[in-house]
Amino acid sequence: MKIEIPLKTHWTNHNFSHARVASKRGRFPIRPVRTLAAAAGLCLALAGPMQAALVGHWTFDNSANPWAETSGHQPAGTHDGTPIGTAGGTTVWSAEGHAGGKTGGSLDLTAGNCALRIMNTSQAQDAGYQPTFDDGLENGMTIAFWAKGFPDTWAPWVSKNGEAFGYQVRRAGSENFATFTLRGTASGNGDPWSSSITVNSSGNSWHHYAAVWDPTGGTRELYVDGVLSISITGDFGPYTLATNLYLAFGAKDWDGATGGNFYAWTKCKMDDVRIYDTPLGAAEVQALAAQEAGTMILYPQWMETLP
């Protein structure tokens with residue numbers, strides 16, 4: 001089974017984490033953790049239980065229904081994925097799971113010109129639109145996922161436009177590292193990178209990415225394999241919503257305003273995509289980045305080269 005940090009309370013039916021250290025993460029340095037058990041112990045030691053709602057979760061475990069969204073935040077089927085593609089591109093399911101995972105299964109976009117569109121995320125296109133990934137993230141967000149494969153210039157793994165509106169986790173230009181793009185925030189820094197980057201990433205192995213925004217504390221962070229890679233301050237909310245544009249994995253939606261026109265396809269595999277409506281703390285991110293086999297990736301594999 002995959003790591004399940006959030007649990008459900010019987011009285012709220014909301015997900016929460018036993019480790020909620022967002023307000024304290026600057027006071028506790030990140031240290032290497034070798035086992036999942038140790039990571040969990042660290043989380044419990046640093047903070048008591050607080051809520052962290054998981055509002056989107058795509059595990060890709062079930063080959064019979066691989067695109068299902070399973071968080072339970074919305075009724076079943078509301079935010080399931082729909083394969084999309086052009087020029088012969090085909091979105092498929094792969095039996096390969098992320099590094100160390102005990103359960104196989106991933107989103108396979110390696111054919112190119114294909115992606116996964118998330119249903120009911122475009123107000124202009126979907127009669128059943130829900131603001132889960134728009135207004136629902138105005139008080140903070142965490143986007144976490146495993147990926148194998150690196151995007152082309154400025155192309156995304158996860159996006160809700162991210163150009164004029166919204167957000168995306170993507171390649172920083174033509175550089176060999178990722179960035180967390182967020183539009184309309186107080187810092188004015190839509191694409192933090194360059195001197196803000198301390199950890200590179202590359203494309204031939206599985207890596208874990210976690211993009212965290214705290215609009216109250218004014219911080220935006222990106223973790224790669226549990227290591228803080230980007231950190232900016234003064235990034236207070238709100239952000240510019242992309243209500244008419246689809247949430248997508250492996251592409252971005254952009255046609256001016258009405259939604260449904262995709263481009264910037266990324267050849268990759270993705271696994272265990274999670275979106276929280278709160279900013280997770282460093283220890284929680286490290287727990288998500290822990291391999292289920294009992295080790296944690298703290299540093300990307302420097303000898304890898306881009307495809």
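A polar contact here is a pair of N or O atoms within 3.5 Å; within protein, one must be able to donate a hydrogen and the other to accept it, and residues adjacent in sequence count only if both atoms are side-chain atoms. This is a predicted model, so local features need pLDDT of at least 70 and side-chain atom pairs count only at pLDDT 80 or more, while totals for chains, interfaces and linings use all residues. Residues are numbered from 1 along each chain as its sequence is written, and side-chain values use heavy atoms, with hydrogens and water left out.

**View 1. Asp-191 and its neighbours.**
The side chain of Asp-191 makes a polar contact of 2.4 Å with the side chain of Thr-181, and another, at 3.3 Å, joins Asp-191 to the side chain of Arg-183. Asp-191 lies in the loop between β12 (178-182) and β13; strands (E, at least two residues) and helices (H or I, at least four) are DSSP runs, numbered from the N terminus. At 18% relative accessibility, Asp-191 counts as buried, where buried means under 20% relative accessible area, exposed over 50% and partly exposed in between (1.4 Å probe, protein chains only). Set aside the neighbours within four places in sequence, and Asp-191 is in contact (heavy atoms within 4.5 Å) with Trp-154, Arg-170, Thr-179, Thr-181 and Arg-183.

**View 2. A salt-bridge network that takes in Asp-191.**
Side chains of opposite charge can pair when their charged atoms come close. Glu-163, Arg-170, Arg-183, Asp-191 and Lys-252 are linked in a network of salt bridges, each one being a side-chain nitrogen of Lys or Arg within 4 Å of a carboxyl oxygen of Asp or Glu. Glu-163 and Lys-252 meet in one of these, at 2.6 Å from N to O. Glu-163 lies in the loop between β10 (156-161) and β11, and Lys-252 in strand β17 (residues 252-253), so this pair ties together parts that are 89 residues apart in sequence. Is Lys-252 buried or exposed? Lys-252 is buried, with a relative accessible area of 2%, whereas Glu-163 is partly exposed at 28%.

**View 3. Two further salt bridges.**
The structure holds nine salt bridges, and here are two of them. Lys-148 pairs with Glu-96, the closest N and O atoms being 3.0 Å apart. This one links distant parts of the chain: Lys-148 is in strand β9 (residues 141-148) and Glu-96 in the loop between β6 (92-94) and β7 (106-108), 52 residues apart. Lys-148 is partly exposed, with a relative accessible area of 27%, and Glu-96 is also partly exposed, at 27%. The other bridge joins the side chains of Arg-274 and Asp-272, at 3.2 Å from N to O. Arg-274 is buried at 1% relative accessible area, and Asp-272 is buried at 5%.

**View 4. Tyr-239 with two aromatic partners.**
The count comes to 13 aromatic pairs, with rings of Phe, Tyr and Trp (its six-membered ring) pairing if their centres lie within 6.5 Å; planes under 30 degrees apart count as stacked, over 60 as edge-to-face and the rest as tilted. Tyr-167 and Tyr-239 make an edge-to-face pair, 6.0 Å centre to centre with 65° between the planes. Tyr-167 sits in strand β11 (residues 166-171) and Tyr-239 in the loop between β15 (227-232) and β16 (247-249), so the pair ties together parts 72 residues apart in sequence. Tyr-167 is buried at 0% relative accessibility, and Tyr-239 is buried at 4%. Trp-213 also pairs edge-to-face with Tyr-239, at 5.6 Å centre to centre and 90° between the planes. Trp-213 lies in strand β13 (residues 206-214), 26 residues from Tyr-239. With 0% relative accessibility, Trp-213 counts as buried.

**View 5. An aromatic cluster and two charges over rings.**
Which residues form one aromatic cluster? They are Phe-145, Phe-150, Trp-157 and Tyr-209. Elsewhere, the charged end of Arg-117 sits over the ring of Tyr-246, 5.0 Å from its centre; the rule asks for NZ of Lys or CZ of Arg within 6 Å of the ring centre and within 35 degrees of the ring normal. Arg-220 lies over the face of Phe-180, at 5.9 Å from the ring centre.

The protein has two helices and 19 strands. Of its 307 residues, 58% count as buried. Among contacts between residues at least 6 apart in sequence, 69% join residues at least 24 apart.
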